Amino acid sequence: MSFLPAWKTYDFAQVAARIAGRTEADVRTALHRAPGEASLDDLESLLSPAAAPFLEEMAQISHRLAVERFGRTMQLYAPLYLSNVCSNICTYCGFSAQNRIARKILTDDEILTEGEALRKLGFEHVLLVTGEVGHVGRNYLANALRLLRSSFANLSMEVQPLDTEDYAALMQTGLSAVLVYQETYDAARYPRFHLKGSKMDMAYRLETPDRLGRAGIKKIGLGPLFGLSAWRADAWFTGLHLRHLERTYWRTRYSISFPRLRPHEGGEVRVTAFGERDLAQALCAFRIFSREVELSLSTRESAAFRDRALQLGFTSMSAGSRTNPGGYAVAPNSLEQFAVDDARNPAEVASMLRRAGYEPVWKDWDATYDLGAIDAETAMAVG
Amino acid sequence: MNSQPLIIAGVEFASRLFVGTGKFSSGKVMRASLAASGTQLVTVALRRVHTDGVPDDILGHLERDRYRLLPNTSGVRDAREAVLAAELAREALETNWLKLEIHPDPKYLMPDPVETLAATRELVKRGFVVLPYVHADPVLCKQLEEAGAAAVMPLGAPIGSGRGLESRVFLEIIVAQARVPVVVDAGLGSPSQAAAALELGADAVLINTAIATAENPVLMASAFRLGVEAGRAAYEARGPRSSGATCAQATSPLTAFLDNSTV
């Protein structure tokens, strides 16, 4: 069964109202749960305005849980933008189809050049990103994965939603993980931001992680775009989504990202308030809700924030990100998807982590683990 | 130092404390912690090291002449992936020792007994010294032993949980019937729990989280060293087991009179 029936059980506005009605006593109950025992009810409390005064206490629990599970380590990764061509009109995105910008799809040579630049920076984990357009689909992505696979330990992607067969085929070329952001779980507001293109189909997007799970992908990344609707409710629905996926596709790992709306080309979306304190609360709520989920900190945030927030329970962060196709070496000045705030290079971020008592982790995977599925000749029949 | 050395696959270990190299805040802290633990065998996750010979954050800080490396296959989900990872580890780290770790479940990291047994059979055929990480399942441990495992590594509690010897009653059976060394792996959160494992007859313990994530990892490593030594000393001091819920009685006080009966 997909996530759709579970999602339909809940009304977004009612969830938002329930969260608003949570009390200090509810928050205390949630904070005193044994590790791993927080429920969706507790998540409501932890995300509520009533929990805001408990932020320090939440942060201490979150920090402790993260260190116990992941150690004092931080996984570093970089996005590699392959294309900014997009047939969707999304009012919050710099790649939106109506924006009059120079469009670019990286060629084979350009992909290799960008890959080499990332290797030189030390990256082993790379996230491939594209806009959403038909011809930058399965075949283009399979080719990009093949070109890059031998150079990196881990390749993930954040691209248009695909069908189960497409994901299964891409896994054969070495795909480790897929990030698919729901943007918002609010059915009333979703159509206001998605005016044209396949992204208008909210149900198809909501079921994308199910299709990934059915394909047997090793990791799925979730996340709302904070600021599009009531953030507390969007965060709670993300938790609901996580629980559904964990129980159904139990072999898969999960991560959650916390993108906030950033200034970008062409758009002035009126956003709901989601400040740094809110981001910290959402993060800690998720860590208390799930000890195991990986939590990712973006370069959309400022250096000052990242330097301190990294201890709150995050497990991975991007560094030195370029959000334009060719941004690392081919065409550093092409148009970016959003403006990054932390512009430090990866080595500077790694030094900052060491100073904070964290080990920067460049490699925490091996291509063997992905290519095993296709390497039938060396893999003996066992069992 | 304890009197009887531990021998696995013909290699002698004076220390019965094995230590994992993940989760440390830096290579320097890891190096100092390993030294303080007195360990001679350290596990290294294949996924964390560079397999192309380039020095990395873990191998770059390990004194290779001081520690025997035990690569682990953390991250693989079935026997076939485990075999591929093992071959890569053997080539990259130049050792045929392997901690076989197959947990398809990334949330609780529970080992898969079916795939682990299948992989052990294959890896032994390929000449690996296999130390499989498993549930505290006495029958599975015997099957692994028959498949050629050099030791068995049953869990005390879920990885990283620090809950101690939750599986004690099954560990006692495993220890009682094992013909290969038993290394309690996973879930030990304190030196007293490590001591208890050795006291009940485990041959060694493997610790990672409890040392690496302590406020002072070096001091905690040294505390585990003492705990393990104390537990082993207590085990040796006590002599052969004379009682216990899971052991047969060594003598038969009620029926001994029949031993010499001739009619």
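Predicted model: local features only at pLDDT ≥ 70, side-chain atom pairs only at ≥ 80, totals over all residues.

Let me begin with helix α15 of chain A, which covers residues 346-355. Which residues of this helix are buried? They are A:Pro346, A:Val349, A:Ala350 and A:Leu353, and when we look down the axis of α15(A), these buried residues fall within an arc of 100°, so they line one face of the helix. As a reminder, an α-helix has 3.6 residues a turn, so residues three or four places apart point the same way. If you now turn to the other side of α15(A), you will find A:Ser351 and A:Arg355, which are exposed. What do the buried residues of α15(A) pack against? Their partners are two elements of chain A, namely β1, residues 73-81, and β11, residues 359-361. Just after the helix, A:Gly357 takes a positive phi of about 85°.

Next, please find helix α4 of chain A, residues 40-47, and helix α13 of chain A, residues 276-289, whose axes come within 9 Å and cross at roughly 160°. An angle over 145 degrees counts as roughly antiparallel, and α4(A) and α13(A) are therefore roughly antiparallel to each other. The crossing in which α4(A) passes α13(A) is right-handed. On the α4(A) side the residues that meet the other helix are A:Asp42, A:Leu43, A:Leu46 and A:Leu47, while α13(A) brings A:Ala282, A:Ala285, A:Ile288 and A:Phe289. Sorted by class, the residues of this contact between α4(A) and α13(A) are seven nonpolar, no polar and one charged.

Let me now move to chain B, which has eight helices and ten strands. Of its 263 residues, 52% are buried, and among the contacts in chain B between residues at least 6 apart in sequence, 63% join residues at least 24 apart.

Finally, how many residues does each chain bring to the contact between chain A and chain B? Chain B gives 33 residues and chain A gives 29. On the side of chain B that touches chain A, α2 (79-93), α3 (113-125) and α7 (209-212) of chain B each supply at least two residues, and α2(B) gives the most, with seven residues. By class, that side of chain B has 13 nonpolar, nine polar and eleven charged residues.

Methods: Residues numbered from 1 in each chain as written. Chains lettered and ligands numbered in written order. Buried ≥ 20, exposed ≤ 12 C-beta atoms within 10 Å, placed from the backbone. Helix = DSSP H or I, 4+ residues; strand = E, 2+ residues; numbered from the N terminus. Arc of directions from axis to C-beta. Contact = placed C-beta atoms within 7 Å. Axes fitted to C-alpha atoms, helices over the stretch in contact; angles between N-to-C directions. Parallel < 35°, antiparallel > 145°, perpendicular 65-115°, else oblique. Left-handed = near helix turned anticlockwise from the far one by under 90°. Nonpolar A, V, L, I, M, F, W, Y, C, P; charged D, E, K, R; others polar.
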